[in-house]
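Please look over the sequence and the model below before reading on. The paragraphs that follow take up the packing of helices and then a pocket.

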Amino acid sequence: TLQGIRMYSGSIQRDFEPLEMLTIADMYKTVRINLNQLYEYLPQKEKEKYYGYFVQVTEYEKKVADGTYNPDVDGVLKFD
């Protein structure tokens with residue numbers, strides 16, 4: 001869960017080591033899979049409501065993974 005990620009990462013009071021980063025990435029992957037499975041159970045109207053959020057998060061994750069995310073250029077995610 002996201003709380004598990006927060007607790008794990010919060011317990012480390014120094015720069016993350018590579019294995020710790022992989023652990024957090026695996027935990028996050030599990031959260032994303034679970035959220036996607038939950039999304040599939042939503043009624044169509046609710047899917048449409050949350051689809052834009054899904055697209056924005058996915059685009060953000062791709063930029064981070066590619067090393068191209070720049071908060072000064074891309075801004076921060078806002079879901080108002």
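Is the crossing of α1 and α2 left-handed or right-handed? In this predicted model, the crossing of these two helices, α1 and α2, is left-handed. Two packed helices are described by the angle between their axes and by the distance between those axes. Helix α1 covers residues 2–10, and its axis and that of α2 come within 9 Å, crossing at roughly 165°. An angle over 145 degrees counts as roughly antiparallel, so α1 is roughly antiparallel to α2.

The residues that make this contact can be found on both helices. On α1 they are Leu 2, Gly 4, Ile 5, Tyr 8 and Ser 9. On α2 they are Glu 20, Thr 23, Ile 24, Met 27, Tyr 28 and Val 31. Divided by class, the residues of the contact of α1 with α2 are seven nonpolar, three polar and one charged.

Next comes the pair α2 and α3. Helix α2 spans residues 18–41, and α3 spans 44–66. The axes of α2 and α3 come within 11 Å and cross at roughly 160°. These two helices, α2 and α3, are therefore roughly antiparallel to each other. The crossing in which α2 passes α3 is left-handed. From α2, the contact uses Tyr 28, Arg 32, Tyr 39 and Glu 40. From α3, it uses Lys 47, Tyr 50, Tyr 51, Phe 54, Val 57, Thr 58 and Glu 61. The contact of α2 with α3 has six nonpolar residues, one polar residue and four charged ones.

The last topic is empty space. Rolling a probe the size of a water molecule over the atoms shows where such space is left. Here the largest pocket holds about 340 Å³ of space. This pocket is lined by 13 residues, and the closest to its centre are Arg 32, Leu 35, Asn 36, Tyr 53 and Phe 54. Both α2 and α3 supply at least two residues of the lining. The largest share, seven residues, comes from α2. By class, the lining of the largest pocket has eleven nonpolar residues, one polar and one charged.

Key:
Residues are numbered from 1 along each chain as its sequence is written. This is a predicted model: local features need pLDDT of at least 70, side-chain atom pairs count only at pLDDT 80 or more; totals for chains, interfaces and linings use all residues. Side-chain values use heavy atoms; hydrogens and water are left out. On a 1 Å grid over the protein atoms alone, a cavity is a set of points where a 1.4 Å probe fits but cannot get out, and a pocket is an open set with protein on both sides within 12 Å along at least five of seven lines; lining residues have an atom within 4 Å of a point. Grid points are joined across faces, edges and corners, and a volume is the space filled by probe spheres set on the points. Helices (H or I, at least four residues) and strands (E, at least two) are DSSP runs, numbered from the N terminus. Ala, Val, Leu, Ile, Met, Phe, Trp, Tyr, Cys and Pro count as nonpolar, Asp, Glu, Lys and Arg as charged, and the others, Gly among them, as polar. Axes are lines fitted to C-alpha atoms, for helices over the stretch in contact, and angles run from 0 to 180 degrees between N-to-C directions. Angles under 35 degrees count as roughly parallel, over 145 as roughly antiparallel, 65 to 115 as roughly perpendicular and the rest as oblique. A crossing is left-handed if the near helix is turned anticlockwise from the far one by less than a right angle, and right-handed if clockwise. Contact means heavy atoms within 4.5 Å.
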